[in-house]
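Subject: Structure handover

Hi,

Here is the structure I promised to pass on. Please open it next to this message as you read.

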Amino acid sequence: MRHNKILIIAYYWPPVGGGGVMRWLKFTKYLPDHGWAPIIYTPEGGESAVNDPSLQKDIPAIVEEVRRPIWEPYDLYKKLTGRKKGVKIYSGFLTEDKNPKLSQKISIWIRSNLFIPDARMFWIRPSVKFLKKYLKDNPVDLIVSTGPPHSMHMIALGIKKHFPNLPWVADFRDPWTNIDYIDDLMLTRWAENKNKRMEREVLATADRVVTVSWSWGRELEALGGRPVDVITNGFDTENFKITSGQLSTTFSITHIGSMNKDRNPPHLWSVLKEIASENKAFKKDLEIVLVGQTDITIIRDIERFGLTKNLEQINHMPHQQAMERLSQSQLLLLPLNNTPNISGVMPGKLYEYMGAKRPILCIGSTTGDTSRVINETGTGVVIGFDEREKLKTAILRFYDAYQKGQLSVNSSGIGKYSRQSLASKMSDLFKKTIKPSS
């Protein structure tokens, strides 16, 4: 099979771990089956909160990696906030300290208003310079940029200006100027407008724009005045072929991945405390499992509601091990961001929860895209942010089924969300981009 060459500009790549890696790692894993030979352009020594070398086993032999040095201002940030040089910086505005300092707020202001579109901006110019020469010597059929960080799109934009006939697909894993924590950035009007100009130029110049949810697709279409393709995230069936299938003996409620303050479900902790005070067996059986970076405000709430003894907190777990933990859990917790742009939020963990085939308890918008997928596939229930009594009823129903040994899920139609199926869909989009219909 002849393989078309595709250059993928991605900041997050193994041995870096976390949610930002998975989308293009899995596309890269399965795209060769559809005639694509990926070349990954990624930083050497970039800043990341999580490393997971185990993910490297998913990289096919056909994949070429091109790593280039990057300078980022995080050492200055750490010096300003009193952190040691080797300390990892969390993303997504996770509150790391019990008492955030004024210096942290100042550093966020500097990061937001001076480093545009993000702290990786210093990699844009040297990357464009390097790739101009690289692509002359090593031509490819297509380029892909995936953001955030949206500096990756700016690199692709620079390449496109030098190679106007080279097809470019811009992939938005998250929004740019409509990201859920935009209000936390303390943007000046000047910085806000500059981000919007950059975003509009990317949307106007890329041959195709793709994103992960239908609501975000509509938002990007409104900003760019052009159609946007939607290819969701998914789950890799191979991750669930080797799980033990033995459920935990406790009534385990498990969350995998980062959880910032906007995803903190205070009614859940209140309801769990109430049921535990009413039912001694429930209090004994309950196990809250949080795997990943967790905001300090969430841990405080769990302590405040007297649930600390029921908590197992794990800062990081290799991806395959995390998938096994999902498959062994009685119930999977999916709290969504309680923010104005909730409709398009579809966490990558949603699909891995589906792959684990355990019931999902989602707390969030009952009309958003996540609710649409859960209801369509029958993989769980969605409870509104303020539907406390409905939440209590749902947990009691789940617990009753657990006690009877009958807690399960009868899902359907999840195959279209497999990474294999989605890679086929992405391949079709690439082919249309290379050979647009006349």
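Below are some notes on the cores, a helix, a cavity and a few backbone details.

This is a predicted model, so local features need pLDDT of at least 70 and side-chain atom pairs count only at pLDDT 80 or more, while totals for chains, interfaces and linings use all residues. Residues are numbered from 1 along each chain as its sequence is written, and side-chain values use heavy atoms, with hydrogens and water left out.

Let's begin with the cores. A nonpolar core here is a set of buried Ala, Val, Leu, Ile, Met, Phe, Trp, Tyr and Cys residues joined through side-chain atoms within 4.5 Å; buried means under 20% relative accessible area, exposed over 50%, and partly exposed in between (1.4 Å probe, protein chains only). The largest one has 64 residues, and L7, I9, I155, I159 and F430 have the most contacts inside it. Another core, of 32 residues, lies apart from it and includes A276, I288, I302 and L391.

Next, helix 4, residues 124-137. Helices (H or I, at least four residues) and strands (E, at least two) are DSSP runs numbered from the N terminus. I124, S127, V128, L131, Y134 and L135 are buried in helix 4. Among the elements covering those residues are strand 1 (4-9), strand 2 (36-44), strand 3 (64-69) and helix 5 (151-162). L7 touches L131 and L135, among others (contact means heavy atoms within 4.5 Å), not counting residues up to four places away in sequence.

There is also 1 cavity of 30 Å³ or more. On a 1 Å grid over the protein atoms alone, a cavity is a set of points where a 1.4 Å probe fits but cannot get out, and lining residues have an atom within 4 Å of a point. The lining consists of K26, S54, L55, K57, D58, N239, H319 and Q320.

Finally, the backbone. Most residues other than glycine have a negative phi, and most peptide bonds are trans. Cis peptide bonds join P14 to P15, with omega about 15°, and I116 to P117, with omega about 10°. P15 sits in the loop between strand 1 and helix 1 (19-30), and P117 in the loop between helix 3 (102-114) and helix 4. M186 is not a glycine, yet has a positive phi of about 55°; M186 counts as partly exposed because its relative accessibility is 36%.

Best wishes

Definitions and conventions:
1 Å grid on protein atoms, 1.4 Å probe; cavity = no way out; pocket = protein on both sides within 12 Å on 5 of 7 lines; lining within 4 Å. Points joined across faces, edges and corners; volume = space filled by probe spheres on them. Expected span 1.5 Å × (residues − 1).
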